[in-house]
Amino acid sequence: MTARTLAVVSAGLSLPSSTRLLADQLAGATRDELVGRGESVRLYPVDLREHAHDVVNHLLTGFPSESLREVLDTVTGADGLIAVSPIFNASYNGLFKSFFDLIDTEALAARPVLIAATGGTARHSLALEHGLRPLFAYLHAVVMPTAVFAAPEDWSGEAADGALRRRIERAAGELAEEIHRRPPSTGPVDPFALTTSFEDLLGRGADR
């Protein structure tokens, strides 16, 4: 049984948060799909509101706190990522954008990502396609075809209802299959790691 890690980033600002609720539903469905494929799964939920001050400080100073560095390494080192933001003014919120601004443009390259969002009206669902999908395409991630949006009327208590449940299950299946067919992650990319020997950098490799 292969051990997999799944980072689940939610950028909700309120407590309780429908954004976190949607993130948990997606994470649970993806975990179930992976277990059904013979994988063991460890979930790493990241509630960005708990790291908001550290995110801003990193933007101002260029240096992450120890706890934020652990979060960044968790997100960039996971086998897959679920990213969920509330939609404000027709786009993802500032905390969500600020967090992903801290991630190196190659750190999520070829990483499977499921995008999702919540909003006060279904009209905000277009933000998934004109906002979140281009963001992760820029980061060279592999974004799942199915994106999930939840409006208030999609919930029945704290459970996803009807069409939302079906969309969650379809998106989770896509993410699980994409993770399953790839080798396990070896952890976050070290931006300072040398990919070429000193001899090759000095042009000596051709003399041997």
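## Salt-bridge tour

Start in helix α3, residues 66-77: R69 and D73 both sit there, 4 residues apart, about one turn of the helix. This is a predicted model. Show the two side chains. R69 and D73 form a salt bridge, with the closest N and O atoms 3.3 Å apart. Now colour by accessibility. R69 is partly exposed at 36% relative accessibility. D73 is partly exposed too, with a relative accessible area of 30%.

Next, select helix α4, residues 94-101. K97 and D101 both lie in this helix, 4 residues apart, about one turn. Their side chains meet in a salt bridge, 2.7 Å from N to O. K97 has a relative accessible area of 29%, which counts as partly exposed. D101 is partly exposed as well, at 44%.

Then select R4, E39 and D79. Salt bridges that share partners join R4, E39 and D79 into one network.

Now go to E177 and R37. What do their side chains form? They meet in a salt bridge, 2.9 Å from N to O. E177 lies in helix α6 (residues 162-180), and R37 in the loop between α1 (18-36) and β2 (39-47), so the pair ties together parts that are 140 residues apart in sequence. E177 is partly exposed, with a relative accessible area of 36%. R37 is partly exposed, with 26%.

Last, zoom out to the whole model. How many salt bridges does the structure hold? The count is 12. Among them are R69 with D73, K97 with D101 and E177 with R37.

Definitions and conventions
Residues are numbered from 1 along each chain as its sequence is written. This is a predicted model: local features need pLDDT of at least 70, side-chain atom pairs count only at pLDDT 80 or more; totals for chains, interfaces and linings use all residues. Side-chain values use heavy atoms; hydrogens and water are left out. A salt bridge is a side-chain nitrogen of Lys or Arg within 4 Å of a carboxyl oxygen of Asp or Glu. Helices (H or I, at least four residues) and strands (E, at least two) are DSSP runs, numbered from the N terminus. Buried means under 20% relative accessible area, exposed over 50%, partly exposed in between (1.4 Å probe, protein chains only).
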